[in-house]
Amino acid sequence: MSEREEEPRDQVVLEVRDLHVEVEGREILHGVDLMIKFGETHVLFGPNGSGKTTLLMAIMGFPRYRVTRGRIIFAGEDITGLEPHLRAQRGIGIMFQRPPTIRGLALRDMVRLCAGGEIDLSAMAEEMNLVDFLDRDVNYGFSGGEIKRSELLQLLAQDPRLVLLDEPESGVDMENLQLVGRAIRKLLQKDRRRTRTKCGLIITHTGYILDYVEADTGHVMCDGRIVCSGNPREQLEGIRKFGFEECARCTR
Amino acid sequence: MEGRLRQGESHQERGERMASPEDRIRELKERAMRAAGKPAPYGPDIDLSQYSCTPQECAYAEELSDIRDVDPEELARSGVDITGKGRSGSFVQLDNTIVHRKALEKGVEILGTTEALRKYDWAWEYFWNVVQVDADKYTADVELNGYEGYFIRALPGSRTVYPLQACLYIRSPRLVQRVHNIIIAEENSELHIITGCASDHRVDMALHLGISEFYVKRNAKITFTMIHNWVPGMDVRPRSGAVVEEGGVFLSNYIVMEPVRSLQLYPTARLVGEGAVARFNSVLVARPGVEMDVGSRVVLSAPRCSAEVVSRAITLGGSIVARGHLRGEAEKVKAHLECRGLILEEGGGMLAIPELEATVPNVDMSHEAAVGKIAQEEIEYLMARGLSEEEATATIVRGFLNVRIEGLPPVLEREIQKMMEISQRSAL
């Protein structure tokens, strides 16, 4: 074995360096650094308006989220200037919190678009309890839980290397939460250990999702910066006890 | 409306109630003459004197495959399956001559309109009832200068599985194609018709005048799908009307994506029997230079009738007026109107005019209209799934035009889907 062949676990899949992002002329992220290695799942905590969603959107490359400084490196490639579809094609997938409805486009066809190749659609839809929704327009009249399941079905079909999830548990009832948790576990290959290749970056407000999906690292965002990185369970406990304010103060 | 067969009335009884055919014909001619200069309320006015063509005679063909005076591919382009497979019958008219008509299933009859007038002494009673002869100069012109067209009738209780196909084709420049169609679904029958209208690419200018009168009797059903594939020099003035009796269903789908110079129509369905249903779907695409004024109107004049009018319009630089009018005249009617327009290119424009009208209190009527460009967030949603901006736009446009038509037999639905895809590929 040559020295060059590193353990895959040490490979960096996503690296965000000193990222500054503007939305409509206002800077929201003031220099974010983040590194996700092979097979890792990270969670993002933080109060409303702290920039969590902006970070995810910037990683996906939506034009409204303008990078003014810093770099996003994915699998060794600088993708800072790439359009979203090229990032998707390279293996980044995102779950939308409030996806738009596309009239006349059936969920069935949407899932096929995501897959870009052959998939066992009926088995996947069965698993996500969405068989009856396949012929409906994507997101049209879907409830909160149905939207989450539909988003996850699309992501399962896309099978990205890095999954970006924005509050996957919000608006989901207990019954659906199990299903959502199971789908995320599957996306992130949580039932594997050594051969796990998928990465995740999950925004969670409540932390409920941690009951279903184990995370390796947690980050607390405040005012456009990551102020604390560490054990996600401990962070969550701290936040629950003392609130974000205290949590932010501890770093000062 | 006095010429219409009343519920439970025999043709003979009506004959006695009515004036004699000779009186009726004389009256129609007089009314037509008085209306010969009457412009239509909508659409650019057309000078009928600029058309000078004497149509060429075309040979009648016993079989579809024997039609000689038009390229089979052209027929296929207008939606005709020249093998006749999966069809319960066919009708083809070139210019003003019928070159083929044949029913392949029992229970359904296809004749030429003048042939029907000769064959049945009651047939004339179905002419100019739901479309008025003096509506405008175009209806008047059809009556005064003679017409052909199809007379399609589903016998009582008959249900054809496959659709009938009809093609109206223009091959001579400077022609006025005058068509008068009569479509009758007798009680408890079901009838599906696909009509393709097209013209030869060499036709630099021509006018299509098409009268269609639909009669949906008690508990009968007609689905009518019309696809227009004209050329940029064509002016088109269809004049259609339907009357739907108790428990009857009338579904009309109108698709026009190819260029035309001007197109104006505003068909009306009258729901006269309890629980009658009408649905109009229109799919319009206007390229630069195209002027379209397309509406659908439903008059709900019996209790518990329902209606739906849906239009999807895209301008690529042409101008579109999308109209819709619902009029509730009876208790417990339910009706919805939806006009949606997408402006993909500037240069033309879009005007949506939805109108609701009610004369009694207990009605449930609504409308929604939206005109604009494709929402950026929809494009980004698809881009995040790996589609380029162009692919995402095309996917959204396809979806926008994908009006799902309820109540069609699956065979027909597939067929229409196929035709839509062909039209879209060439239009967008």
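Between chain A and chain B there are nine residue pairs in polar contact, both residues being at pLDDT 80 or more. A polar contact here is a pair of N or O atoms within 3.5 Å; within protein, one must be able to donate a hydrogen and the other to accept it, and residues adjacent in sequence count only if both atoms are side-chain atoms. On the chain A side, six elements each supply at least two of the residues that touch chain B: α2 (84–90), β6 (92–95), β7 (102–106), α3 (107–115), β8 (137–138) and α5 (144–158). Of the side of chain A that touches chain B, β7(A) gives the most, with five residues. Sorted by class, that side has 18 nonpolar, seven polar and six charged residues. The classes are simple: Ala, Val, Leu, Ile, Met, Phe, Trp, Tyr, Cys and Pro count as nonpolar, Asp, Glu, Lys and Arg as charged, and the others, Gly among them, as polar.

A word on where this comes from. This is a predicted model, in which local features need pLDDT of at least 70 and side-chain atom pairs count only at pLDDT 80 or more, while totals for chains, interfaces and linings use all residues. Residues are numbered from 1 along each chain as its sequence is written, chains are lettered from A and ligands numbered from 1 in the order in which they are written, and side-chain values use heavy atoms, with hydrogens and water left out. As for the element names, helices (H or I, at least four residues) and strands (E, at least two) are DSSP runs, numbered from the N terminus.

Back to the interface. In total, 31 residues of chain A are in contact with 19 residues of chain B, contact meaning heavy atoms within 4.5 Å. How much area is buried between chain A and chain B? About 1900 Å², of which carbon and sulfur atoms give 59%. Buried area is the accessible area (1.4 Å probe) that two parts lose on being put together, summed over both. The rule finds one salt bridge across this interface, and the side chains that meet in a salt bridge are those of Arg385(B) and Glu151(A), at 2.7 Å from N to O. A salt bridge is a side-chain nitrogen of Lys or Arg within 4 Å of a carboxyl oxygen of Asp or Glu.

Over all chains, a search of the whole structure finds 40 salt bridges. I will take a few in chain B. Glu143(B) and Lys29(B) meet at 3.2 Å, N to O. Glu143(B) lies in helix α5 (residues 137–145) of chain B and Lys29(B) in helix α2 (residues 21–34) of chain B, so this pair ties together parts 114 residues apart in sequence. Glu143(B) counts as buried at 6% relative accessibility, and Lys29(B) is partly exposed at 32%. Buried means under 20% relative accessible area, exposed over 50%, and partly exposed in between (1.4 Å probe, protein chains only).

Next, Glu109(B) forms a salt bridge with Lys119(B), the closest N and O atoms being 3.4 Å apart. Glu109(B) is in strand β3 (residues 108–112) of chain B and Lys119(B) in helix α4 (residues 113–119) of chain B, so the parts tied together are 10 residues apart in sequence. Glu109(B) is buried, with a relative accessible area of 12%. A network of salt bridges links Glu109(B), Lys119(B), Arg153(B), Glu186(B) and Lys217(B).

Asp200(B) and Arg202(B) also meet in a salt bridge, at 2.7 Å from N to O.

Now the strands. Nine of the 10 residues of strand β14 (residues 277–286) of chain B are buried. β14(B) pairs in the parallel sense with strand β11 (residues 249–256) of chain B, over eight bridges; two strands pair if DSSP finds at least two bridges between them. Within that pairing, Leu251(B) has Arg279(B) as its bridge partner. β14(B) also runs parallel to strand β16 (residues 306–315) of chain B, joined by 10 bridges. There, Val283(B) has Arg312(B) as its bridge partner.

Last, His192(B), in strand β7 (residues 190–199) of chain B. His192(B) counts as buried, at 1% relative accessibility. Its side chain has polar contacts with the side chains of Glu190(B), at 3.1 Å, and Thr223(B), at 2.8 Å.
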